[in-house]
Amino acid sequence: MSLNLYDTMAREKRPFVPVDPKRVTMYVCGPTVYNYAHIGNARPVVVFDVLFRLLRHTYGEEAVLYAANVTDVDDKINAKAQAEGVEIDVITQRYLDIYNRDMATLGALAPTFQPRATQTMDAIIEMIGRLVDKGAAYAAEGHVLFSTESYPDYGQLSGRSLDDMIAGARVDVAPYKRNAADFVLWKPSKPGEPVWDSPWGPGRPGWHIECSAMIEQTLGLPIDIHGGGNDLIFPHHENELAQGVCAAHGCEAGHGGDYARYWMHNGFLNFGSEKMSKSLGNVVLVHDLVAQTPGEAVRWALLVGHYRAPQEWSGELLEQARKSLDRLYGALRRCADVTASTDAPSSKFLAALEDDLNTAQAMAELFALASTIETGDDEARAQAKGELLASGALMGFLQADPEAWFQGGADPELKARVEALIAERIAARTAKDWPRADAIRDELNALNVVVMDSADGATWRLREPSSSED
């Protein structure tokens, strides 16, 4: 089976065919670094990391170029810097470092490129100049604005008419705008804000132009895949597409595919009945979460549902993720003496991922392989173990030592004590000394140990601290 991806622009799944299979390109909108990332921010990171891994598996690691940008100049960054009395780069570097460490804890590979807006300023100014020269943008009162009426395909990505977009968006109806939907490419800086020189006066860029300039400078056009959350379809990606096409090719209709060949968007992560967002105050911070829960379990929880569907976030979801990984790591621990006979993922697992990243079906295939490990003959177990490890790696799972997964937080003294208590508990249960068996379980609970009984005996792991979302 070949890779098929849902393309937002086409509104259907399409076979993925890169411009050049020796140079496959993907761009995903990254963080605005002024605070800790919440778990909703992590969903696109994990989703597109799976796609990055799959593309590398298909085309070769060196053939895939993945750029995820950093917005490091923004009103919220400016406000944070002014509140602390520091330059903006103190704020942005602090939170970018934290962001990168937290995403690595979730198993996300580092992107090939991580361009920053402040380091792309010359390219941003040059691109704005091209848009002005082509009549797609105009200067007014220290601002430069993109003329939406100059691009006949404006609205094609989101499927909205210009009137609908004006009605449904919070647009700044400024007197210097020719059309209410026109958006800012350059604007004057306020007192105390960072400022750059430009042909239109000192100022700083608007949000949308940053991505177009970074894509063109880092990857070149057209790119194969452009990704992000579905909240970015309009206005961010719609505006980015318009200015990127006009800057590179002119504003004639029909050039959308010369900017990005596939547009992919993940659904919201919801907390209760609401979208998770800092503005609503219903966020779970990744930085806090990974201090309490293995990053691999958080990653599993983010991938349980299909990436295009909304996902409800809860403590129960996270606990089930941990139990799912316990099941898989348990199978690997019980076949520690088996030598894997392959290092390739299973064909059924691969087919699931190639079907528009059907992670739920891919996870089902991991469980099927675990069952074969526990019930198959020697040859089948060796094959299944190799396929489970390789399939897990392709999704960013099962790379820890099984013993470390279950007991990695325990020192040797605690491990010895727990093992002795479990052996004593097994003896008590065999002798049907239920009061003693229950007392031992209480001792284990006091040690923060979870005992998991099975037909093959008892295993154990340390319990994580209670998390704030429970």
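## The parallel sheet

In this predicted model, an open sheet of four strands runs in the order β4-β3-β9-β10, with parallel pairing. Strands here are DSSP runs of E with at least two residues, helices are runs of H or I with at least four, and both are numbered from the N terminus. Two strands pair if DSSP finds at least two bridges between them. β4 (64-68) and β10 (260-266) stand at the edges with a single partner strand each, so one side of each has no neighbour in the sheet. From one strand to the next, the twist averages 20°. Axes are lines fitted to C-alpha atoms, for helices over the stretch in contact; angles run from 0 to 180 degrees between N-to-C directions.

Strand β9 (residues 223-229) pairs with β10 in the parallel sense over six bridges. Gly 229 has Asn 266 in β10 as its bridge partner. Two helices pack on this sheet. Helix α1 (residues 39-59) touches β3 (24-28), β4, β9 and β10, and its direction makes about 175° with that of β3. Helix α6 (residues 207-218) touches β3, β4 and β9, at about 160° to the direction of β3. Contact means heavy atoms within 4.5 Å. Strand β10 is mostly covered, with six of its seven residues buried. Buried means under 20% relative accessible area, exposed means over 50%, and partly exposed lies in between (1.4 Å probe, protein chains only).

## The antiparallel sheet

A further open sheet holds four strands in the order β5-β6-β7-β8, and its pairing is antiparallel. Its edges are β5 (137-140) and β8 (204-205); each has a single partner strand, so one side of each is left without a neighbour in the sheet.

β5 and β6 are joined by four bridges and run antiparallel. Ala 139 stands opposite Val 144 in β6. The two strands form a hairpin with two residues between them, and Glu 141 in the turn has a positive phi of about 55°. In strand β6 (residues 143-146), His 143 and Leu 145 point one way, while Val 144 and Phe 146 point the other way; all are buried.

The next pair is β6 and β7, antiparallel over three bridges. Here Leu 145 stands opposite Val 184 in β7. Strand β7 (residues 183-187) is in turn joined to β8 by two bridges, again antiparallel. Trp 186 stands opposite Pro 205 in β8.

## Packing of α11 and α13

Helix α11 (residues 347-354) packs with helix α13 (residues 378-395) at an angle of about 15°, and their axes lie 10 Å apart. The two are therefore roughly parallel to each other. Angles under 35 degrees count as roughly parallel, over 145 as roughly antiparallel, 65 to 115 as roughly perpendicular and the rest as oblique. The crossing is right-handed. That term applies if the near helix is turned clockwise from the far one by less than a right angle, and left-handed if anticlockwise.

From α11, Phe 349, Leu 350 and Leu 353 make the contact; from α13, Ser 391, Leu 394 and Met 395 do. Five of the contact residues are nonpolar, one is polar and none is charged. Ala, Val, Leu, Ile, Met, Phe, Trp, Tyr, Cys and Pro count as nonpolar, Asp, Glu, Lys and Arg as charged, and the others, Gly among them, as polar. An α-helix has 3.6 residues a turn, so residues three or four places apart point the same way.

## A covered helix and an exposed arginine

Helix α9 (residues 295-303) is mostly covered, with nine of its nine residues buried. Among them are Glu 296, Arg 299 and Trp 300.

Arg 101 lies in helix α3 (residues 88-105). Arg 101 is exposed, with a relative accessible area of 51%. The C-alpha atoms of Arg 101 and His 287 are separated by 8.9 Å, although the two residues are 186 apart along the chain.

## The whole chain

The chain has 16 helices and 15 strands. Its C-alpha trace spans about 90 × 50 × 35 Å along the principal axes. Of the 470 residues, 52% are buried. Among contacts between residues at least 6 apart in sequence, 75% join residues at least 24 apart.

## Basis of the values

Residues are numbered from 1 along each chain as its sequence is written, and side-chain values use heavy atoms, with hydrogens and water left out. As the model is predicted, local features need pLDDT of at least 70 and side-chain atom pairs count only at pLDDT 80 or more, whereas totals for chains, interfaces and linings use all residues.
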